[in-house]
Amino acid sequence: MTAAPISLQDLQRRLYVKAKAEKDWRFWGLYVHVCKPETLRAAYATAKQNDGAPGIDGVTFEAIEAAGVEASLAQLRDELVARTYRPLRNRRVEIPKSDGKVRVLGIPAIRDRVVQGALNLILEPIFEADFHDGSYGYRPKRTAQQAVDRVAEAIVRNKTRGIDVDLASYFDSVRHDLLLAKVARRVNDRDILHLLKRMLKAAGKRGVPQGGVISPLLSNIYLTEVDAMLERAKVVTANGTHTYVEYARYADDLVILVNNDRRQDWLVEAVNRRLREELAKLDLRLNEDKSRIVDLSRKESFGFLGFDFRRVRSLRGRWRPQYTPKPKKRTALLQDDRLCGKLSTALR
């Protein structure tokens, strides 16, 4: 008797449940699901919804629609099944930043966005089961506001000494060999790993492109061990239900908070040292000019997700967190229309 095909949503649920229940399980037979018409259609629908400019081949969504979406996806599926699929180089686009520098985006061709999206649909539920509570960036049902709230709540609970972390050129610094090894801990599928390796090579010798569909997932996978270290620090230093360490990470934006107790001075240094050790394993480095240890109880502040965090007294005399947009962010907000115009022009 032939079993009915499992829907994509049900497959994702099963992958997540299995990954959550068995932390050492390595998944096999995934490539066939990436190649399924259902997966490719879902990936195309997401790419179309997000819209965006064409890649280096100049092919637009309008051109694909005119030629026939089903025909285009069928050709893409045939290439994947025959193992002849080759991603194109990303189109590089420079977007001006508020500090006068530029952010380089790597824009994949639409066909490559579809394949990345299909791979993301299959891999995300597996690794989502491994991600930790303090990680918020680019994850389902998680927002930047939740990360901000987590930091504010930690300050309310007297965690007022912070390690303000700034990673130097994070997305450009990810080592492909280390990233692939991390994926391989959960994926025992040679075709999946080979496909991912080709995607990474199309972006260059190192890094994950800002603009790639699967880049957010990969960037979180790469930093999961840093999150795991911070989770262990929370557990081993806890006193019953009271914890002395908290953290929040949104992609490469990370802040670590430690209890305001001079008996815990050693803990600030210990966490800072362990953080550097974990980053060294990943061949990442801190931007020393922007990374620092601050003490909110001494009227110092730190930045996280574009906000400036301080501790102030309320009208009733209680200490509470205060977070306001940084001055540069205020300027950026006022210039949104102009910057969006530049972005649209650059992506055409």
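This is a predicted model: local features need pLDDT of at least 70, side-chain atom pairs count only at pLDDT 80 or more; totals for chains, interfaces and linings use all residues.
**A salt bridge, a helix crossing and the model's confidence**

Side chains of opposite charge can pair when their charged atoms come close. When the whole structure is searched in this way, 29 salt bridges are found.

From here we can turn to two other helices, α3, made of residues 37-50, and α5, made of residues 69-81, whose axes come within 10 Å and cross at roughly 125°. Angles over 145 degrees would count as roughly antiparallel and those from 65 to 115 as roughly perpendicular, and α3 and α5 are therefore oblique to each other. The crossing in which α3 passes α5 is right-handed. On the α3 side the residues that take part in the contact are P37, L40, R41 and Y44, and on the α5 side they meet V69, E70, L73, R77 and L80. Sorted by class, this contact of α3 with α5 has six nonpolar and three charged residues, with no polar ones.

For the protein, the mean pLDDT is 90, and 92% of its residues reach 70 or more. Over residues 330-348, however, pLDDT stays under 50, and for this stretch the model has 14 contacts beyond four places in sequence.

Notes
Residues are numbered from 1 along each chain as its sequence is written. Side-chain values use heavy atoms; hydrogens and water are left out. Axes are lines fitted to C-alpha atoms, for helices over the stretch in contact, and angles run from 0 to 180 degrees between N-to-C directions. Helices (H or I, at least four residues) and strands (E, at least two) are DSSP runs, numbered from the N terminus. Angles under 35 degrees count as roughly parallel, over 145 as roughly antiparallel, 65 to 115 as roughly perpendicular and the rest as oblique. A crossing is left-handed if the near helix is turned anticlockwise from the far one by less than a right angle, and right-handed if clockwise. Contact means heavy atoms within 4.5 Å. Ala, Val, Leu, Ile, Met, Phe, Trp, Tyr, Cys and Pro count as nonpolar, Asp, Glu, Lys and Arg as charged, and the others, Gly among them, as polar. pLDDT is the predictor's confidence in each residue, from 0 to 100. A salt bridge is a side-chain nitrogen of Lys or Arg within 4 Å of a carboxyl oxygen of Asp or Glu.
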